[in-house]
Amino acid sequence: MTTVAAYAAPAPKAPLERTTIERRAVGEFDVLIDIKYAGICHSDIHQAQEGWGEAIFPMVPGHEIAGVVAEVGPGVTKYRVGDRVGVGCMVDSCRECDNCEAGLEQYCTGGGMIGTYNAVGKDGEPTYGGYSQKIVVDENYVVRIPDGLSLDVAAPLLCAGITLYSPLKHWGAGPGKKVAILGMGGLGHMGVKIAHALGAEVTVLSQSLRKKDDGLKLGADHYYATSDPKTFEELAGTFDLIVSTVSAPLDFNAYLGLLKTRGALVNVGAPEEPIALNLFSVIGGGKTLAGSMIGGIAETQEMLDFCAEHGFGAEIELIRADQINEAYERVVNSDVRYRFVIDTSTI
Ligand SMILES: [Zn+2]
Ligand SMILES: [Zn+2]
C-alpha cells in the first residue's frame, strides 16, 4: 500500500479538500502511475453532488488522467517505467462478456465496467480517481499517450475526447456529411475538433453566439444560436448527424426536426431528469435517437493516436488543486474555455 495525497469530497455537496488515500500494492499486472494532470469533467460534479444518485464518500473524482509510469508489476508487458500514459473512465470490467471481448468494455454486461472513482474494485475497496498524485491500474485499462501530445492537453481526451470520438466514428462523421455539435463546452469543443479532423462539415449549435469565434477557430464551418427560433427554421432537415453534449433538459422534438431523413441524434450528455418525446418526431423521416457512453480501451487508444496525428489536444485552463472548488462553480456556470486541468503537483 502507498499513501498518496489527494483532493476529496468528504460528503455529498461538500467542498473538496486535501486528504490522503491508500493505493493498493502493485500487483502482477498492475502499473503504478505518477499522475501529472487530471481534467475536471462535468460528471465529477454530478457525482460529487449526487445528481445521478447515491454515491460513495469520501470521493476522489477524476477520470481524465495523464501521467508517467513509475513502476510495473512482474507480469506487465505493455508498459515500462517512464512511459507516458493515460487512464479514463474505467479501471476494470469483467473481461469475459461479449462486449468486453469485442472491445466495448464500457458496456460490459458481466457486472458492468468499474469506474475510475465512485465504484468498488474487484478487491472490494472503493476506487479513487485522478485528483491525486498516484494511481495503480491494471495494464489492460491503461492507454499510451503519443509523444506528440503534451500531457496537460491530453488529459481531457480520456473522457471528453473519447466521448465524442466514439459516436462520431460509429455514426459515420466524415467527408460529405453534415454534422452538428450541440453545446460548446468541454465535450462540445472536442466534438468540433474531431468532426472537423474526420472531414465532416461541422456546425455548432450553442445557446448563444458568445463562443462563435472560438468555434470557428477550432474547426466549425457554421455556428448558430439555439436561443434564436429562426435557427430551427433555417436548419430544418439539414444534418446527417447531431451529437448532443448537453446535460440540461432539451426540446428533443425540435432538434430531431433538424435531421435529414434517416439522420441520427446521439446523446452523450446525461440530463438528471427524464425527457419528454413525441415519437412522431422520429417516425416521420425514419430518424434515430441514440446514446453513446465513452468508448472501449482500444478505441480510446485509436482516438489518442488520431488526435496526435492531427496535432491537437483539448483547450485547457490549468489550475492548482486549491482552485478546484472555484472551478466547479465555473463549470456549472459554463464559464470555462474549455476544460479545467489540475496540475497534480499542487495537491
Ligand atoms: Zn467525464
Ligand atoms: Zn464484461
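**View 1. Strands E10 and E11 pair in the parallel sense in this predicted model.** The pairing joins residues 178–182 of E10 to residues 201–206 of E11. It runs over 5 bridges. Lys178 stands opposite Glu201 in E11. Strands of a sheet pair through backbone hydrogen bonds, either parallel or antiparallel.

**View 2. E10 and E11 belong to an open sheet of 6 strands.** The strand order reads E12-E11-E10-E13-E14-E15, with parallel pairing. Strand E12 (222–225) and strand E15 (288–291) form the edges. Each of these edge strands pairs on one side only. From one strand to the next, the twist averages 20 degrees.

**View 3. Helix H5 lies across E10, E11 and strand E13.** The helix covers residues 186–197. Strand E13 covers residues 239–244. H5 runs at about 165 degrees to E10.

**View 4. Domain 1 meets domain 2.** The domain assignment gives domain 1 as 2–159 + 314–346. Domain 2 is 161–291. Contacts link 15 residues of domain 1 with 10 residues of domain 2. On the domain 1 side, 8 of the touching residues are nonpolar, 4 are polar and 3 are charged. The domain centres, taken over C-alpha atoms, are separated by 28 Å.

**View 5. Residues 14–342 carry a UniProt domain annotation.** The unreviewed UniProt entry lists this span as "domain: Enoyl reductase (ER)". Its end C-alpha atoms lie 19 Å apart. Helix makes up 25% of the span, and strand 25%.

Methods. Residues are numbered from 1 along each chain as its sequence is written. Chains are lettered from A and ligands numbered from 1 in the order in which they are written. This is a predicted model: local features need pLDDT of at least 70, side-chain atom pairs count only at pLDDT 80 or more; totals for chains, interfaces and linings use all residues. Domain bounds come from an automatic or database domain assignment. Two residues are in contact if their C-beta atoms, placed from the backbone, lie within 7 Å. Ala, Val, Leu, Ile, Met, Phe, Trp, Tyr, Cys and Pro count as nonpolar, Asp, Glu, Lys and Arg as charged, and the others, Gly among them, as polar. UniProt positions are given in the numbering used here, feature names are shortened, and annotations may be inferred rather than shown by experiment. Helices (H or I, at least four residues) and strands (E, at least two) are DSSP runs, numbered from the N terminus. Two strands pair if DSSP finds at least two bridges between them. Axes are lines fitted to C-alpha atoms, for helices over the stretch in contact, and angles run from 0 to 180 degrees between N-to-C directions.
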